[in-house]
Amino acid sequence: EPEVTQTPSHQVTQMGQEVILRCVPISNHLYFYWYRQILGQKVEFLVSFYNNEISEKSEIFDDQFSVERPDGSNFTLKIRSTKLEDSAMYFCATEDRVITGELFFGEGSRLTVL
Amino acid sequence: GDSVTQMEGPVTLSEEAFLTINCTYTATGYPSLFWYVQYPGEGLQLLLKATKADDKGSNKGFEATYRKETTSFHLEKGSVQVSDSAVYFCALRDSGNTPLVFGKGTRLSVIA
């Protein structure tokens, strides 16, 4: 069964460092998302991406965050200068060309900022 | 804005017990409602959904009915198994193009 894969599974970084989280979407999916979950809190929407551009973003997704699909396969989330409060589980999700509401999620990347 | 509230966990049940996980929502429009499940070490996966009032979503013995009058979408299962141990997320989507809005998740542990 096709699946969304994310790397790394866990990253520990120092505050102020740049982090890139990677996602390989399901091949025929056209809509891509990043969500995050701070420990004990809700799964929060960060950004959606379609047709090589951001289609929607939340208040969390400030100038420190960026997304791109550099080679037509990987979908990346970059945090330019990490803060302690960026520590969370980051989930990539993808959706097929018919918007059904069924998002397919990766296993998540746990980011720990020290 | 749109939001989802689900019961706090963790929930611990014995095998074959009845499960209810409450979920209520607020939405500006007429949302579709979902339950996602996350098994240990895996990503979230869709468990069931309902797109209009009084619809019942069902899968793997789980059921949830879209109740517009009470703005609820409670998850139920008549007899849980150890393999149902997971985190369950209630979610809504207000229209086809808007992001999914999730609740906090409820951790279920089923013991033999």
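The model is predicted, so I kept local features at pLDDT of at least 70 and side-chain atom pairs at pLDDT 80 or more, while totals for chains, interfaces and linings use all residues. Residues are numbered from 1 along each chain, chains are lettered from A and ligands numbered from 1 as written, and side-chain values use heavy atoms without hydrogens or water.

I looked up B:Y36 and B:F102 and found an edge-to-face pair, 5.7 Å centre to centre with 65 degrees between the planes. B:Y36 lies in β5 (32–38) and B:F102 in β11 (101–102) of chain B, 66 residues apart; strands are DSSP runs of E, at least two residues, numbered from the N terminus. B:Y36 is buried at 0% relative accessibility (buried is under 20% relative accessible area, 1.4 Å probe, protein chains only). B:F102 is buried too, at 1%.

I then checked B:F89 against B:F102: the centres are 6.2 Å apart and the planes stand at 85 degrees, so this pair is edge-to-face. B:F89 is in β10 (86–93) of chain B, 13 residues from B:F102. One aromatic cluster includes B:Y36, B:F89 and B:F102, with A:Y33 and A:F45 also among its members.

I turned to chain A, where four strands form an open antiparallel sheet in the order β1-β3-β8-β7 (strands pair with at least two DSSP bridges). β1 (5–7) and β7 (65–68) stand at the edges with a single partner each, so one side of each has no neighbour in the sheet.

Notes:
Rings of Phe, Tyr and Trp (its six-membered ring) pair if their centres lie within 6.5 Å; planes under 30 degrees apart count as stacked, over 60 as edge-to-face and the rest as tilted. Buried means under 20% relative accessible area, exposed over 50%, partly exposed in between (1.4 Å probe, protein chains only).
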